[in-house]
Amino acid sequence: MHGEYKVPGGKLVVVDLDVEGGALRNVRVAGDFFLEPDEAILAIDAALAGAPANTDTAGLTARIDAALPASTVMLGLTSEGVAVAVRRALAQATAWSDYDWQLIHETPQSPALHMALDEVITAEVAAGRRPPTLRVWEWASPAVIIGSFQSLRNEVDPAGAERHGVTVVRRISGGGAMFVEPGNTITYSLSVPDALVSGLSFADSYAYLDDWVLAALGDMGIKAWYQPLNDIATDIGKIAGAAQKRVVGPGGGPGAVLHHVTMSYDIDADKMLDVLRIGKEKMSDKGTRSAKKRVDPLRRQTGLPREAVIDNMIDSFRKRHGLAQGAVTAEELAQAEELVRTKFGTPEWTARVP
């Protein structure tokens, strides 16, 4: 069995192993990390050999930590990262390079249609009718997108939304409300087979699926990192928030994961505060007294036009994983438009949590 895992902010860990009699055998850990002393790698292999194959990540991590020499120094590597790679090997997880990725980047769409396209495209990936897809959104109008479980009245000021012509829609994933305006927001979705994140905890999958965009931001001179559970941050402010939804495949078979991210290229903070109801508890949780300080736009950090930031992100993904140009099919669009009519464009769905 073979498993790979790139430690967030670190290096690639590769594990090859066998399972015999319900236990790990012939464990070999490798990668482009740095590790001292040399015998530490042998200690890791030995610590994992004989472990029950159903040992969870925490249990494997503990075995590694207990076996390491006291003088061990790890750079780009963690004991937990090795444990995750083992779990991915046992789960027969796939890697980014196993897929032919497709890009969808089309003309601006309505907020409700974007919600519907996320559901349709991810379901098509789960069914095996579409390859893993990176979809970059273009917005036709300003919107507030609330999480699947958020209270509409607690999150949005209806008078403010009407005053600024802001449409309110509800997405299928959890998480918090996002304020978006055409030209000021960068949004993308990844619709991927669930095998890509096999062996990862729900929380770890966020970091794993965000890793490429952290590298893309680094290419533009921005030192960004994943901040649990679902933020992308820099030393001068948050720049993005992510959300996920797991979709079951046909007949309960292998499914897919929707991972979407909204990034602030620029932001009208006064307008945002007029539309969103941002509570004191949320401010306290983020360690700031002002919502205006919570988000630091990419425009200021990069000095690049929005279109150039998007182009750089797409180029970065293509260089790392390959990316062919694609499009929403006529069938997918028809399905999405029907979902707008019956679900995402209805007050029943938007106010399903009043």
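Helix α3 covers residues 79-90, 12 residues in total. Its first and last C-alpha atoms lie 17 Å apart, close to the 16 Å expected at 1.5 Å a residue. The model is a predicted one. Of the 12 residues of α3, 10 are buried, so the helix is largely enclosed by the rest of the structure. Buried here means under 20% relative accessible area. The buried set holds S79, G81, V82, A83, V84, A85, V86, R88, A89 and L90. After α3 comes Q92, with a positive phi near 55 degrees.

Next, the surface. F34, V73 and L75 make a nonpolar patch of about 300 Å². V73 sits in strand β5, which runs over residues 73-75. Its relative accessibility is 43%, so V73 counts as partly exposed.

Now the charged pairs. The count of salt bridges comes to 13. Three of them are followed here, starting with R135 and D118.

The side chains of R135 and D118 meet in a salt bridge, at 3.1 Å from N to O. R135 belongs to strand β7 (residues 133-136) and D118 to helix α4 (residues 111-126), so this pair ties together parts that are 17 residues apart in sequence. Are these two partners buried or exposed? R135 has 4% relative accessibility and therefore counts as buried. D118 has 3%, so D118 counts as buried too.

E119 forms a salt bridge with K343, and the closest N and O atoms are 2.8 Å apart. E119 has a relative accessible area of 22%, which means it is partly exposed.

E338 has a relative accessible area of 38%, so it is partly exposed. R341 reaches 58% relative accessibility and therefore counts as exposed.

R135 and D118 link strand β7 to helix α4.

Conventions: Residues numbered from 1 in each chain as written. Predicted model: local features only at pLDDT ≥ 70, side-chain atom pairs only at ≥ 80, totals over all residues. Heavy atoms only, no water. Helix = DSSP H or I, 4+ residues; strand = E, 2+ residues; numbered from the N terminus. Expected span 1.5 Å × (residues − 1). Buried < 20%, exposed > 50% of the residue type's maximum accessible area, 1.4 Å probe, protein only. Patch = residues over 30% accessible without salt bridge, like charges linked within 9 Å, V, L, I, M, F, W, Y side chains within 5 Å. Areas by Shrake-Rupley, 256 points an atom, 1.4 Å probe, with all protein chains shown as cover. Salt bridge = Lys/Arg side-chain N within 4 Å of Asp/Glu carboxyl O.
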